[in-house]
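Dear colleague,

Please find the structure below, handed over for your records. A short account of the findings follows it.

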Amino acid sequence: MAEAVERVRRLAREHSLRFERSIPLIASENLLSPYAKELLVSDLHSRYAEGLPGERYYEGNEQVDEIELLCLDLARRLFRCAFADVRPISGTVANLAVLKALAEPGDLVGTSRLADGAHISSAGFGAFGLRGVKPVYYAWDAERMTIDVARTREILRAVRPKTCLFGLSLFLFPLPIDELRPTLEEIGARGWYDGAHVLGLIAGGEFQDPLREGCTVLSASTHKTLPGPQHGILLADGDEELQQRLRSGAFPGVTSNHHLHAMAALAVSLAEHLEFGREYARRTIANARALAAALHARGFDVLGERLGFTRSHTIAVRVDAEGGGEAAARRLADAGIIANKNLLPGDTSPKHPGGVRLGTAEVTRLGMGEREMEAIAELAHDLLHRGRPASEIRTRAAELKRGFTTVQYCFGAGEAAYRYYDLVGRPPG
Ligand SMILES: *Cc1c(COP(=O)(O)O)cnc(C)c1O
């Protein structure tokens, strides 16, 4: 079995090297800071702390309690809200906690369609289905890549869901929550925002602020544009009863232990975002707009042209002319540019997405700027339009990447981002 252990370690190392040499453009991915990463291998990983600080079921939690109280305080400060819970262990688990808190089986919950950019957790085969709630779909404006307010008002008035979820995984523009707020009030629906993708942009003050625009609950992952550990978070404004429901949704609803190493890493990431998040969010969005414009200038069909392509970290490219989403994403990955195929509005088969989704959260974290966005667009153009071989693009991508392999926008910036064995301190073999 020693062989299996060595094999896993070698594969992890190969994985790190591969990413070190690639251009990482998956919109839901990011890199941890060195101090956050260190906590993931600390002893905290080995421990249990069910319950809340001061009310645990196990002994030995004194330091954990302090870390959790600090983490909660940082979260409330960063998002300027009354309530935080840092126990959900992922974005999906956070959504399940909210569904448990706010909805009963059989309830109607407003959301967007998958093809319009919604996450699988609001699908019948995802968390919605698990809780037994029924989606009420908002109308979509494909040209502006956002919710169609007038038609959605009519739908909400006719169907009257109790809860309305706003939030996307293909999230180009802020959603018109402010405009829909009077309708939500009229039908007595609660606004709930899933900020998994855009949490770091919200915290940086560079995207919409859902808790100020008519949503009382914000759930999210903490590892996308918020460059923290794989984890989840609940944030809210509202009375003690709402807070209590959310707390018990998180525990015992959908977690037992809450991954204390990740929670500690989250505290570090929140503190770092309070310090560096504004600048990081601003640069991330500027890079997305630059990459979109550079691709558009090279003949790519980038969505949202009329509105400047994007206001977030994400851009969407329709790639019918480049062989479809599946083939285009695969060819890019073979050439060292890592992105994903993505459904776009109007796609009829979930098996054949017509687009590719690109995000600039990670390349920005590595210190890339608008000049590098031009260079990336040129690589994609040479590969997908000019027929240059993947091997050539891969070499050029690795060369471009060579100057950008350390993490920025954090304390202790400049540490290697990808080298797996640096952290464990033991070379393989
Ligand atoms: C990524 C994502 C989630 C789920 O996050 P995980 O942490 O992967 O479980 C939920 N909602 C949206 C909108 C997302 O994009």
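A crossing is called left-handed if the near helix is turned anticlockwise from the far one by less than a right angle, and right-handed if clockwise. Helices here are DSSP runs (H or I, at least four residues), numbered from the N terminus.

The model is predicted, and local features need pLDDT of at least 70, side-chain atom pairs count only at pLDDT 80 or more, and totals for chains, interfaces and linings use all residues. Residues are numbered from 1 along each chain as its sequence is written, and side-chain values use heavy atoms, with hydrogens and water left out.

Helix α4 (residues 91-102) passes helix α9 in a right-handed crossing. The two pack at an angle of about 125°, with axes 8 Å apart (axes are lines fitted to C-alpha atoms over the stretch in contact, and angles run from 0 to 180 degrees between N-to-C directions). α4 and α9 are therefore oblique to each other (under 35 degrees counts as roughly parallel, over 145 as roughly antiparallel, 65 to 115 as roughly perpendicular, the rest as oblique). Their contact (heavy atoms within 4.5 Å) includes Val-93 and Leu-96 of α4 and Leu-242 and Arg-245 of α9.

Helix α13 (residues 370-384) and helix α14 (residues 390-402) cross at roughly 170°, their axes coming within 10 Å. That makes α13 roughly antiparallel to α14.

As for the ligand, a polar side-chain atom of Asp-194 lies 2.5 Å from one of its nitrogen atoms. A ligand oxygen atom is 2.8 Å from a side-chain N or O atom of Ser-221.

Yours sincerely

Notes:
Polar contact = N/O pair within 3.5 Å; in protein donor to acceptor, adjacent residues only side chain to side chain.
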